[in-house]
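Please look over the model below before reading the points.

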Amino acid sequence: MVFDFEKAKENTAKICFETGKQHQKFRFYDKLDGFICEVRYGDKKANALQRGFWTDTKKESALQHGFTSITKGWVDYSENRLLVELFAHALITTRNGHAKALENLKIDIKAPKKKCKCMTPSMFPDLIFNFPETEGVKYAGSKLKLLPYILQLAHKVKPKTVFDGFAGTTRVSQAFAQLGYKVISNDIAVWSKIFGLCYLKNRGDRKFYQEIIDQLNFLPEKDGWFTENYGGLPNGKSSSENDGFKKPWQIHNTRKLDAIREEIDKLNLDEIEKAVVLTSLILALDRVDSTLGHFSSYLNEWSPRSFNRMKLKVPRLFESEKEHEVLSGDIFKTIEKVDADLAYFDPPYGSNNEKMPPSRVRYAAYYHLWTTIILNDKPKVFGKAKRRTDTSDTLASSAFEEFRKSDSGRFMAVEAIEKLLAKTSAKHVILSYSSSGKATAEELYEMLSQSGKMLDFVKVDYKRNVMATMRWTNEWTREIEKGNQELLFLIQR
Ligand SMILES: C[S@@+](CC[C@H](N)C(=O)[O-])C[C@H]1O[C@@H](n2cnc3c(N)ncnc32)[C@H](O)[C@@H]1O
């Protein structure tokens with residue numbers, strides 16, 4: 001694990017000054033209020049660390065915005081205190097001590113290597129270490145942490161064209177595009193299409209967008225539809241307003257939103273240019289929201305980041321040689337237009353919990369505000385979160401979000417995936433699966449084995465941040481049932 005200064009700088013959203021008992025500190029946080037690092041000031045009595053730069057892998061944001069793991073998650077340093085101690089000792093030991101320690105380590109490695117081949121990096125001789133940076137909003141089911149594993153599996157089957165069928169934030173599409181694959185992205189959400197156009201289709205340069213964005217940042221704030229429905233006064237710390245509703249943004253930011261969104265429609269931009277500017281607006285709003293990462297409810301107390309003034313930045317654009325495609329719609333419709341070597345499917349996960357209402361994780365409902373900002377259609381809204389009426393449970397359901405069983409006794413979500421595989425012409429498919437739909441893991445495995453040849457599967461334990469590939473066993477099933485597992489299946493058809 002190495003401290004990545006550029007990464008830390010890029011991800012710093014807030015710097016707090018604190019006068020601790022002994023030392024004054026500047027603490028650096030990311031946009032989710034995750035700790036990145038701190039700089040301490042002590043007098044001459046303080047030791048070197050107490051006077052300098054301080055990082056703490058345990059406290060550091062789960063997204064590791066300040067660190068770069070040279071093992072890409074093979075080893076989780078945040079929980080490995082012993083390893084940190086080992087390094088600390090290594091720094092003050094003589095060459096002789098190092099040689100002896102190395103001998104002991106070699107003996108120690110032999111046993112686990114024999115027992116669990118899957119955990120040795122030699123299994124992945126071509127592991128992609130320099131996987132590209134991507135950009136996106138906070139998103140339930142985002143594959144940010146899983147990216148190295150997805151790319152690694154894809155690399156094995158050497159596709160030219162990759163279809164990202166449930167693209168969401170488009171992080172997976174962005175990564176594939178930067179690695180030189182031709183990408184076709186698709187999602188049912190309109191804002192995902194906007195992200196897709198921004199990152200995959202843009203040919204304009206940063207300077208062009210910087211001028212537009214500077215102009216938008218300088219617009220005077222104004223009251224409008226967004227402020228009326230989603231803007232709240234600081235009110236001390238409570239986000240509950242006179243109308244009894246909690247709000248996702250503070251009023252200084254919704255006033256900016258009202259002014260900027262109106263202006264964007266007046267600018268003479270083509271579809272792709274407009275998508276870049278709208279993406280910039282959404283990313284800026286995501287940095288100052290007062291939510292837990294979705295808009296189906298809002299926090300009781302304003303989040304610290306919501307006090308910040310939103311500022312648009314040019315999105316992280318990159319150049320591509322390939323002519324990518326951006327589709328938008330229900331996968332069962334778009335799949336027919338797709339000609340790709342590899343399809344990556346990351347559908348919402350059906351849960352087996354029959355007691356849960358269908359509104360559990362419903363993407364249209366969770367991210368209704370991104371849809372409204374893109375469409376700017378001032379829709380009729382309902383409920384405490386003021387959702388668009390067209391995101392009500394009866395109107396906006398996806399077959400993949402179904403938690404019930406069909407008459408045949410099988411989970412509808414699994415049947416939907418089976419139907420999708422039957423319609424997919426790609427030779428290879430990677431399917432993401434989360435243990436939040438745990439009881440279906442075995443069923444899914446069986447169904448997938450029947451739909452093609454199972455080339456590989458990978459289990460990533462989010463909590464321990466380790467990865468394993470091995471035969472499907474009962475042990476796996478038991479572990480998956482404990483939760484926190486992400487599975488990736490690679491199938492050849
Ligand atoms: C688990 S998320 C995908 C996350 C994405 N891989 C990422 O890293 O951001 C599932 C996505 O499926 C989309 N979705 C749900 N039903 C769909 C359907 N019938 N057709 C296409 N997309 C759908 C949702 O809008 C959501 O973005």
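1. Leaving aside its neighbours within four places in sequence, which residues is Ile 150 in contact with? They are Lys 143, Val 172, Tyr 344, Ile 430 and Leu 488. Two residues are in contact if their C-beta atoms, placed from the backbone, lie within 7 Å.

2. A word on the source. This is a predicted model, in which local features need pLDDT of at least 70 and side-chain atom pairs count only at pLDDT 80 or more, while totals for chains, interfaces and linings use all residues. Residues are numbered from 1 along each chain as its sequence is written.

3. The protein chain has 16 helices and 18 strands; these are DSSP runs numbered from the N terminus, with helices being H or I of at least four residues and strands E of at least two. Of its 493 residues, 38% are buried. A residue is buried if 20 or more other C-beta atoms lie within 10 Å of its own, exposed if 12 or fewer, and partly exposed in between, with C-beta atoms placed from the backbone. Among contacts with a separation of 6 or more, 71% join residues 24 or more positions apart.

4. The largest nonpolar core holds 94 residues, and Ile 150 and Ile 430 have the most contacts inside it. Helix α10 gives the most to this core, nine residues. A second, separate core has five residues, including Ala 8, Phe 28, Tyr 29 and Cys 37. A nonpolar core is a set of buried Ala, Val, Leu, Ile, Met, Phe, Trp, Tyr and Cys residues joined through C-beta atoms within 7 Å.

5. In helix α7 (residues 206–217), the buried residues are Tyr 209, Ile 212, Ile 213 and Leu 216. Seen down the axis of α7, they fall within an arc of 95 degrees (taken from the directions from the helix axis to the C-beta atoms), so they line one face of the helix. Lys 207, Gln 210, Glu 211 and Asp 214, on the other side of α7, are exposed. The cover over the buried residues of α7 includes α9 (251–266) and α10 (271–286).

6. Glu 443 lies in helix α15 (residues 441–451). Why is Glu 443 partly exposed? Because 17 other C-beta atoms lie within 10 Å. Apart from neighbours within four places in sequence, Glu 443 is in contact with Arg 410, Phe 411 and Val 414.

7. Around the ligand there are 22 residues, of which Gly 141, Phe 166, Gly 168, Thr 169 and Ser 398 come nearest; a residue counts if its C-beta atom, placed from the backbone, lies within 6 Å.

Note on methods. Expected span 1.5 Å × (residues − 1).
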